[in-house]
Amino acid sequence: METTTAVWAVFAAAAAVIYWFVWVMGAAEVKGKRAVDLKMGSITRDKVQDKYKQYWSFFRRPKETAGDSTNVPAFVDTFYNLVTDIYEWGWGQSFHFSPSIPNLSHRDATRIHEERAADLINARPGLKVLDVGCGVGGPMRAIAAHSRANITGITINEYQVARARAHNRKAGLDSICDVVCGNFLSMPFADASFDAAYSIEATCHAPKLQDVYREIYRVLKPGALYVSYEWVTTPLFRADNQEHVEIINGIERGDALPGLRSHDEIAAIAKEIGFEVLEEKDLAKPPAGPWWTRLKMGKIAYWRNHLLVSALTMLRIAPKGVVDVHEMLYETAGHLTRGGETGIFTPMHMILCRKPSTATVAADE
């Protein structure tokens, strides 16, 4: 009798653990994406592993992908099909970093980082603002709630469009937040149609920054402000340091980047396009707290999540290939952490620009 009781107790405890990690444990910031909901975007279940292998093959040598710019957008789209659900499950609805702030949660620190972008471009009620590379719309909703401006986001990934619209409705912000599917290198918007714009860790996916900045310049009204948080290498990066090179290559491979740009290229490119550069600053520098603290996933947490996605794959709840994607993101988190600790990389090189009030539609006209 005692043996039977003990067995049932163990069984009940195991069932409780499985229930918690699979059906209860949702997104890090806002519950709504559970482990059992890992669908890998719009990729059909039987194609996930093949798509992952194709992605990994393409970005294996990141610097070479910049020369194949016609294929980069398609593989960035594939990347976000693969990672969007995992990001929402384990990170939240804002796919970016923010400086850590003492006594504040990661969620609050993220919101403050997003609201800073809104304040820099003077977002306010009545203005039409563009979110360049909006993901599932976490920053969009924070900025809309903060400023009450009308925000239109663009993402290349159709699955993210559906997720963003659902979140907008749930948050009660769908009247001032809209999302369209499109390539930010060729946006489906009329010339001079936005009062302001921002991009938060998104334009790093462009093979050439000039191309996306030129499109942003085109759709902005004369006198409009634009702020971007860029992923760049810092002055501490040394191209002849093998560790530095391995860290940066690891970040590029695991984040669908066709080569990271140097900090000293950004303002020059903005000016080349025709923007006036009003301010440039690395928001990761002190007194800002380390942005990489959230990435320091302990071994126990890693193996917990690894076993979970492995079990879901074996049970055919999650598609084959999820384990590979989870492993890639874990390894990339290590490279990002080392990039932050060594100071050779920042994901928040802020540049604030203005389209001249006397500007024509394009910089070269």
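What share of the contacts in the protein with a separation of 6 or more comes from residues 24 or more positions apart? The share is 78%. This is a predicted model, and the values below are computed from it.

**Overall make-up**

The protein has 12 helices and eight strands. It counts 365 residues, and 53% of them are buried.

**Two helix pairs**

Helix α8 spans residues 209-219 and helix α10 spans residues 266-273. Their axes come within 9 Å. The crossing angle is roughly 50°. Angles under 35 degrees would count as roughly parallel, and the roughly perpendicular range starts at 65. α8 and α10 are therefore oblique to each other. The crossing of α8 past α10 is right-handed. From α8, the contact uses Leu-209, Gln-210, Tyr-213, Arg-214 and Tyr-217. From α10, it uses Ile-266, Ile-269, Ala-270, Glu-272 and Ile-273. By class, this contact holds seven nonpolar residues, one polar residue and two charged residues.

Helix α7 covers residues 158-171, and its axis comes within 10 Å of the axis of α4. These two axes cross at roughly 30°. Because angles under 35 degrees count as roughly parallel, α4 and α7 are roughly parallel to each other. On the α4 side, the contact is made by Tyr-80, Asn-81, Thr-84, Asp-85 and Glu-88. On the α7 side, it is made by Tyr-159, Gln-160, Arg-163 and His-167. The class count for α4 with α7 is two nonpolar, four polar and three charged residues.

**Aromatic pairs**

How many aromatic pairs does the structure hold? It holds 19 aromatic pairs. One of them joins Tyr-55 and Phe-59, with 5.0 Å centre to centre and 40° between the planes. That pair is tilted. Tyr-55 has 0% relative accessibility and counts as buried. Phe-59 also has 0% relative accessibility and counts as buried.

Phe-97 and Trp-231 form a tilted pair, with ring centres 6.2 Å apart and planes at 35°. This pair links distant parts of the chain, 134 residues apart. Phe-97 sits in the loop between α4 (72-90) and α5 (106-120), while Trp-231 belongs to strand β5 (residues 220-233). Phe-97 counts as buried at 7% relative accessibility. Trp-231 counts as buried at 8%.

Ring pairs also build a cluster. Its members are Tyr-55, Phe-58, Phe-59, Phe-75, Phe-79, Tyr-80, Tyr-87 and Phe-95. Tyr-80 of this cluster also takes part in the contact of α4 with α7.

**Accessibility of selected residues**

The table gathers accessibility values for residues discussed in this report.

| Residue | Relative accessibility | Class |
|---|---|---|
| Tyr-55 | 0% | buried |
| Phe-59 | 0% | buried |
| Phe-97 | 7% | buried |
| Trp-231 | 8% | buried |
| Cys-177 | 4% | buried |
| Arg-148 | 42% | partly exposed |
| Asn-103 | 83% | exposed |

**Backbone details in the loops**

Pro-287 lies in the loop between β7 (276-282) and α11 (299-314).

Asn-103 is not a glycine, but its phi is positive, near 70°. Asn-103 lies in the loop between α4 and α5. Is Asn-103 buried or exposed? Asn-103 counts as exposed, because its relative accessibility is 83%.

Arg-148 is not a glycine either, and has a positive phi of about 65°. Its place is the loop between α6 (138-147) and β2 (150-155). At 42% relative accessibility, Arg-148 counts as partly exposed.

**Around Cys-177**

Cys-177 lies in strand β3, which runs over residues 177-181. Its relative accessible area is 4%, so Cys-177 is buried. Leaving aside neighbours within four places in sequence, the contacts of Cys-177 are Met-140, Arg-141, Ala-144, Ile-151 and Asn-168.

Note on methods:
Residues are numbered from 1 along each chain as its sequence is written. This is a predicted model: local features need pLDDT of at least 70, side-chain atom pairs count only at pLDDT 80 or more; totals for chains, interfaces and linings use all residues. Side-chain values use heavy atoms; hydrogens and water are left out. Axes are lines fitted to C-alpha atoms, for helices over the stretch in contact, and angles run from 0 to 180 degrees between N-to-C directions. Helices (H or I, at least four residues) and strands (E, at least two) are DSSP runs, numbered from the N terminus. Angles under 35 degrees count as roughly parallel, over 145 as roughly antiparallel, 65 to 115 as roughly perpendicular and the rest as oblique. A crossing is left-handed if the near helix is turned anticlockwise from the far one by less than a right angle, and right-handed if clockwise. Contact means heavy atoms within 4.5 Å. Ala, Val, Leu, Ile, Met, Phe, Trp, Tyr, Cys and Pro count as nonpolar, Asp, Glu, Lys and Arg as charged, and the others, Gly among them, as polar. Rings of Phe, Tyr and Trp (its six-membered ring) pair if their centres lie within 6.5 Å; planes under 30 degrees apart count as stacked, over 60 as edge-to-face and the rest as tilted. Buried means under 20% relative accessible area, exposed over 50%, partly exposed in between (1.4 Å probe, protein chains only).
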